[in-house]
Number of protein chains: 2
Amino acid sequence: MSGEFSLIDQYFAHQQACRPDVILAQGDDCAVVQVPAGQQVAISTDTLVAGTHFLHNADPAMIAHKALASNISDLAAMGAQPAWVSMGISLPEVDHDWLKAFCDAFFNLADYYGIQLIGGDTTKGPLVITLTVQGLVPAGEAMTRSGAKVGDLVYVTGHLGDAKAGLDVILETHQHSNKALNNTLLERHFLSSPRVAAGLQLRGLASAAIDISDGLVADLGHILKRSNVGADLYVDQLPVSQELKQFLASEEACYRYALTSGEEYELCFTAPKQHAQQIRSLLADTPFTCIGEITERGEIHLYQQQPTQQSIQQQSTQQQPIQWQLDGFDHFKANS
Amino acid sequence: MSGEFSLIDQYFAHQQACRPDVILAQGDDCAVVQVPAGQQVAISTDTLVAGTHFLHNADPAMIAHKALASNISDLAAMGAQPAWVSMGISLPEVDHDWLKAFCDAFFNLADYYGIQLIGGDTTKGPLVITLTVQGLVPAGEAMTRSGAKVGDLVYVTGHLGDAKAGLDVILETHQHSNKALNNTLLERHFLSSPRVAAGLQLRGLASAAIDISDGLVADLGHILKRSNVGADLYVDQLPVSQELKQFLASEEACYRYALTSGEEYELCFTAPKQHAQQIRSLLADTPFTCIGEITERGEIHLYQQQPTQQSIQQQSTQQQPIQWQLDGFDHFKANS
């Protein structure tokens with residue numbers, strides 16, 4: 001690597017306190033880490049490409065946050081405690097302002113979650129960032145996509161839809177006359193907060209979990225497929241923000257966004273009904289909503305409202321499923 | 001990801017037998033692995049970019065081999081047993097022939113070293129490949145760059161210089177009239193064999209080790225800097241192949257190539273003299289050569305020949321160091 005380019009490594013080296021389980025960090029052929037007895041290692045890799053996942057002129061701090069947060073979100077979905085991250089990054093040029101902003105945001109977020117950058121590779125090329133994060137989870141306790149059972153309730157954390165609205169703002173496909181509202185949604189697109197604490201608390205309670213990166217119906221679809229079940233979702237229960245309602249004006253549009261918005265980095269999880277009370281008390285600090293129930297039909301059915309006890313008893317008044325066409329909805333059949 | 005593009009994942013999924021320490025591989029938010037008691041994890045990340053590390057039209061099998069072999073070589077230099085690999089890859093298009101050739105070569109090499117692909121991310125973008133490999137090493141036994149001591153001998157495995165000659169062929173900066181010779185050297189550039197077995201055998205014997213990715217003087221320079229020592233190298237001891245001698249014709253050119261050729265993926269290691277006999281017997285299946293000795297002067301001195309016992313006793317006949325200008329030689333001062 002050329003002399004000037006090798007300077008980039010200075011931005012990434014030795015910015016953080018050393019975790020006690022990191023025996024060797026940057027500066028040797030490999031990093032070396034120590035896994036505590038009784039723990040397994042959860043590992044996730046995500047690649048972000050300029051022009052595919054963000055615009056070339058995007059704020060470097062937001063790129064850094066998004067790259068790391070989306071990866072940490074995968075650890076959260078397994079119930080793993082974040083520990084280490086490795087970064088492969090190619091950059092078209094040595095832009096010190098860009099690098100400083102990128103690294104400040106990256107290390108702020110890494111420090112917040114107690115993650116140490118243990119190594120990586122910096123090279124010249126188009127702007128592409130690949131992170132491999134690793135976390136620790138007690139042996140056998142990782143939450144997977146395959147444990148959902150008929151009768152389990154379906155939950156999501158936070159609000160859904162804002163990331164898609166933020167993308168509208170970025171791509172200028174839809175904007176609101178209120179610019180502050182546009183900016184709020186743009187920031188929500190980039191600055192998600194992975195649900196690490198919720199993931200840790202749900203271990204042993206949730207039967208299945210996934211983070212919402214491709215959109216609720218797509219990601220819940222992964223759970224259904226791996227668990228060989230279906231789900232009924234109650235559209236009026238979908239958690240949408242006041243900002244999304246203001247941005248889109250139509251209620252139906254909000255629910256459609258909530259069903260398909262990707263890159264939310266909220267958790268979707270299922271749990272037996274008897275855990276409902278315990279989940280409510282453990283997740284007291286995390287907003288979450290019950291949005292449906294696992295069924296034995298191998299696909300997702302959408303209903304306008306959650307059925308009341310009365311309507312369940314009077315089967316004649318049973319609701320008909322909504323027949324919305326959603327982008328890629330054919331992907332969501334559990335047995336496809 | 002678009003439907004067609006998501007097909008790419010089929011090339012990477014479930015191609016291999018599952019290692020017993022892989023609890024979950026692809027198909028969930030994270031892979032989950034189990035580290036055996038008493039072992040630590042060595043982790044290395046390398047990024048290869050089309051146009052920077054290989055030409056856009058390079059053979060996909062050779063790209064795959066180079067990407068994985070260079071990463072495994074880092075594990076070898078730590079004395080780690082390869083175990084798992086994660087891949088982030090962006091591709092400009094869905095080219096099924098390219099993908100098949102790439103994956104066949106990748107999994108062939110991975111299977112040879114018992115490495116399982118445990119996850120990754122496939123996305124649309126310029127051709128960039130980031131691999132994170134992980135290996136296992138008994139706690140406290142990883143070989144580092146920092147243990148070289150004055151009086152230790154300096155060794156390298158294999159031959160040096162062929163990878164640089166292969167690059168000449170690729171870039172057409174130098175070619176031989178013998179096309180078969182050119183092809184042999186081109187293949188040596190791409191198809192290195194990481195010295196995993198040698199790395200495992202050297203644990204407890206070598207005082208420091210590194211793999212030769214940036215060139216012998218640069219990489220030995222990293223050992224010297226971390227160990228706060230210097231080295232005398234004997235140029236006539238540098239191991240160069242018959243093919244390199246034929247390609248370059250001049251003996252001095254061969255030695256210059258051996259000193260600066262990067263991407264060799266041979267090991268350079270140091271060891272106390274009293275281990276010399278044991279190293280010879282343990283590395284019986286690995287070609288290796290003693291090329292110098294660690295000194296207390298903080299830089300590399302090159303000598304034409306290894307001093308004989310007689311010349312050491314007759315200090316008046318002591319050789320003068322060679323004053324070769326080598327690309328980037330100023331980097332190689334241990335204290336720079």
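Helices (DSSP runs of H or I, at least four residues) and strands (runs of E, at least two) are numbered from the N terminus. The model is predicted, so that local features need pLDDT of at least 70 and side-chain atom pairs count only at pLDDT 80 or more, whereas totals for chains, interfaces and linings use all residues. Residues are numbered from 1 along each chain as its sequence is written, chains are lettered from A in the order in which they are written, and side-chain values use heavy atoms, with hydrogens and water left out.

The UniProt annotation "binding site", taken from an unreviewed entry, covers A:Asp29, A:Ser44 and A:Asp74; such annotations may be inferred rather than shown by experiment, and their positions are given in the numbering used here, with feature names shortened. A:Asp74 is placed in helix 3 (residues 60-78) of chain A, and its relative accessible area of 9% makes this residue buried (under 20%, against over 50% for exposed and partly exposed in between, with a 1.4 Å probe and protein chains only). Apart from neighbours within four places in sequence, A:Asp74 is in contact (heavy atoms within 4.5 Å) with A:Ser44, A:Asp46, A:Asp211, B:Asp29 and B:Cys30. A:Asp29, found in the loop between strand 1 (22-24) and strand 2 (31-33) of chain A, is likewise buried, at a relative accessible area of 6%. Residues up to four places away in sequence not being counted, A:Asp29 touches residues of chain B that include B:Ser44, B:Asp74 and B:Asp211, and a polar contact of 3.4 Å joins its side chain to that of B:Arg145. A polar contact is here a pair of N or O atoms within 3.5 Å, of which, within protein, one must be able to donate a hydrogen and the other to accept it, while residues adjacent in sequence count only if both atoms are side-chain atoms.

Aromatic pairs, in which ring centres of Phe, Tyr or Trp (its six-membered ring) lie within 6.5 Å, are classed as stacked under 30 degrees between planes, edge-to-face over 60 and tilted for the rest. Over all chains, 14 aromatic pairs are counted. The rings of A:Phe12 and A:Phe102, with centres 6.5 Å apart and planes at 75°, are therefore edge-to-face. Because A:Phe12 lies in helix 2 (residues 8-12) and A:Phe102 in helix 4 (residues 96-112) of chain A, the pair ties together parts 90 residues apart in sequence. Both residues, A:Phe12 and A:Phe102, are buried, and together with A:Trp98, A:Phe106 and A:Phe107 they form one aromatic cluster.
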